[in-house]
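Hello,

Here is the structure I promised to pass on. Please open it, then read my notes on its cavities and one of its pockets.

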Amino acid sequence: MQVVNGGDPHRREVVHFAVLCRAVTLVLQALFNLLIPDHPADAFSPPRLSESGLCDWFVEWLLGGLSRWDAEHFLFIAEHGYVYEHNCAFFPLFPLSLRAAAGTVLWPLQGFLCFRSRLLLSAVLLNTIFSVLASWILYELGCVVLQCRRQAFLSAILFCITPANVFMAAAYSESMFALLAFGAMWQLEKRRLWTSTLLFSLASGVRSNGVINAGFLIYAQTKHFASQLQTGTGVALLLIFGQLPTLAVSAALMCASIFLPFALFQFYAYFWFCSGNAGSEYVVPRPLLQLAVDMRYHLAFLTGAKPSWCSWDYPMVYAYIQDAYWNVGFLRYYEAKQIPNFLLAAPTIMLGSWAAWCYVASNPWHCLTLGLARRETGRATAEFSAKPPLGFCSPGVFVYIVHSTALLIFGTFCMHIQVLTRFLGSSSPVLYWFPAHLLHTHEPLLQNRDAGPHLDEPSLGKPFPAWNRNENPVLRLLKNWRQSTVLTQWILGYALSYWLLGLALHCNFFPWT
């Protein structure tokens, strides 16, 4: 397999370290789940309908910490479908994948494990694979965009210890979304437009914020057209303008492909909950009916009472659920009692804001022209005579900065603020590129002093030597913790503390990000 057996030792190290981090996560969550009693949280807790045996008890004991909070929704949907209205806040591709894996790959275990246990086991196995592949793809994406293998390698290693680690391992959709989104970005950088469109489309079937990725395709087409305009002359310009309708149609089709999963899911929910006979052949088990009565969950296809959103001009169950069930909206979370959650999200807000400010300050002209204008060559100033910068401040990072900043602004003002860490951590490579840039620039332990100063220059033309004593930069920095800078200690401390705290709290039903 190219991922492990390729000639790049840093690619192998990324994959090996990702596997190691997954293994450590699974061990720690089992340990925390055993030692810390569960908090009596007000969370979705459907009854278990299948009989449990000794093997099921063992799976629950070993992996039960990964089925908390929203994971219960994904596992429930995979087992029973969209029974309750508020289940429609969770998009279908991830639970469908769990059901497929439990019914095929883990089918031989049906004599030992009930279906729910196989779903949980499939979630752990799939998310392990997804997160490991996402770390590799993030490295490949960084090599193309940053044009600096050192920073690409370091950012992929940082992704392995992401502050959102617990959600990458639990039965959540973050790992799957990160894999599809990063993969689509990588394919787009290689100008494989329709492959990128397919991956972006699948990503929008995993999480709702996948639809914003259409902006990448629009920008890529616009940038390609602007580049042709600035290089063409005479008759060539007429031919370029002649291609404009074709480019517009292809961009529209690509964007429609990305929005299609979202639209189809809203239509499915409308048909299921707003149609009088949609669920006539579906028999809801009595315990689930009793749960609906006790918790006042909406089962429109049984009661005949249509929910209010069915009469909207544009009925969208997702928007209704976010408003009615979770009170999501502009500034709705700005309350004094939410200050602890704002503090939890503060490091992510600071990193995202600092990244945007740093990039704009380093590339004012590039940002002002939206990256569409060519660099001037006739001026003698250092700004325009120098080659384009490499690493985080390279021109190719611009669209990713816009994307991460848009997500940051929306998440800060319109979402439950504590979700921001995993929201950005699974959607944008900037959350890993910028800390890698800071470590690469400001940490003396990563400067390869004894190898010669010229080796600090980023290069894609030839492989760079490993950092002294240890190929893995994070392990090297942890080994020399006291000699590292305060900035390094803050970055690594933030990632590792959120990793450990997230496992200890989330796996025992305590509130977390």
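Start with the largest cavity. Its lining is made up of L158, I161, P163, L351, L431, Y432, P435, I491, Y494 and A495. Two elements, α22 (430–442) and α24 (486–506), each give two or more residues to this lining. Keep in mind that the model is predicted.

How large is the volume of the largest cavity? It is about 100 Å³. The lining has 10 nonpolar residues, with no polar and no charged ones.

In total, there are three cavities of 30 Å³ or more. The second largest cavity holds about 60 Å³ of space. L351, G352, S404, L424, S428, V430, L431, F434 and P435 line it. The largest share is from α22, with four residues. By class, the lining has six nonpolar and three polar residues, and no charged ones.

Now look at the second largest pocket. Its volume is about 900 Å³. It is lined by 34 residues, and K223, H366, G371, P395 and G396 are the closest to its centre. Several elements give two or more residues to the lining, among them α6 (115–146), α9 (174–189) and α20 (398–414). Which element gives the most? That is α11, with eight residues. The pocket lining divides into 17 nonpolar, 11 polar and six charged residues. Compare that with the largest cavity, whose lining has no charged residues.

Best wishes

How values were computed:
Residues are numbered from 1 along each chain as its sequence is written. This is a predicted model: local features need pLDDT of at least 70, side-chain atom pairs count only at pLDDT 80 or more; totals for chains, interfaces and linings use all residues. Side-chain values use heavy atoms; hydrogens and water are left out. On a 1 Å grid over the protein atoms alone, a cavity is a set of points where a 1.4 Å probe fits but cannot get out, and a pocket is an open set with protein on both sides within 12 Å along at least five of seven lines; lining residues have an atom within 4 Å of a point. Grid points are joined across faces, edges and corners, and a volume is the space filled by probe spheres set on the points. Ala, Val, Leu, Ile, Met, Phe, Trp, Tyr, Cys and Pro count as nonpolar, Asp, Glu, Lys and Arg as charged, and the others, Gly among them, as polar.
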